[in-house]
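Please keep the structure open beside the text.

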Amino acid sequence: MDKILVVDDEIEVCHVLKDFLDLKGYETHIALNGSDALSKIKDIDPCIVLLDIIMPGMGGIDVLKEMKEIDPKIGIIMVTAVADHELAMRALELGAYDYITKPLNLDYLELVVLAKIIDLLE
């Protein structure tokens, strides 16, 4: 089963995404901050991470850098309420697979997750 880690400091967002992804057949885990996310990727070895950019403490860009050092193949999809072209470009340059803004279109999110999983199989 494909494992997905949802990282967001908003617990409601985490639960909505977890419920949605669980219904789609994924094994979904939640982390509410960057340091917890870094611990969990070592423990659960997810293939996909949905990573919020703006979080207290360690922000998403810093978490992205560290996750890519731990596992360069991990599929990281940045999720944010801030539509910032420069930030999006930076995240993509650092290895993020995609950059999605809130409010999330769950159908689009599902397509992006599936596309990355297929990409990982190649």
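Q: What makes V13, C14, L17, F20 and L21 of α1 count as buried?
A: In this predicted model, each of these α1 residues is classed as buried, a label that requires under 20% relative accessible area, with exposed meaning over 50% and partly exposed in between (1.4 Å probe, protein chains only). Because they cover an arc of only 140 degrees around the axis, they sit on the same side of α1; the arc is taken from the directions from the helix axis to the C-beta atoms. The face turned away from that buried side carries the exposed residues E12 and L23.

A word on the ground rules: the model is predicted, local features need pLDDT of at least 70, side-chain atom pairs count only at pLDDT 80 or more, and totals for chains, interfaces and linings use all residues. Residues are numbered from 1 along each chain as its sequence is written, and side-chain values use heavy atoms, leaving out hydrogens and water.

Q: Why is α1 called a helix, and how does its reach relate to the span expected at 1.5 Å a residue?
A: Helices are DSSP runs of H or I with at least four residues (strands are E runs of at least two), numbered from the N terminus, and α1 has 13 residues, 11-23. The expected span is 1.5 Å times one less than the number of residues. For α1 the expected value is 18 Å, and the helix reaches 18 Å from its first C-alpha to its last.

Q: What do the buried residues of α1 pack against?
A: Their partners are β1 (3-7), β2 (27-31), β3 (48-52) and α5 (106-121), where contact means heavy atoms within 4.5 Å.

Q: What makes D52 buried?
A: D52, found in strand β3, has a relative accessible area of 3% and is therefore buried. Leaving aside neighbours within four places in sequence, D52 is in contact with V7, D8, D9, G60, V79, T80 and K102.

Q: Why is E10 called partly exposed?
A: E10 lies in the loop between β1 and α1. Its relative accessible area is 38%, so E10 is partly exposed.

Q: How do you know that β3 is mostly covered?
A: In β3, 5 of its 5 residues are buried. I48, L50 and D52 point one way, while V49 and L51 point the other way. In a regular strand the side chains alternate between the two faces of the sheet.

Q: What makes β3 a partner of β1 and of β4?
A: Two strands pair if DSSP finds at least two bridges between them. There are 4 bridges joining β1 to β3, which run parallel, and 5 joining β3 to β4, also parallel. V49 has I76 of β4 as its bridge partner.

Q: What makes a nonpolar core, and which residues have the most contacts inside the largest one?
A: A nonpolar core is a set of buried Ala, Val, Leu, Ile, Met, Phe, Trp, Tyr and Cys residues joined through side-chain atoms within 4.5 Å. The largest has 23 residues, with L5, V7, V49, L51, M67, I76 and M78 making the most contacts inside it. Apart from it lies another core of 19 residues, among them C14, L21, L109 and V112.
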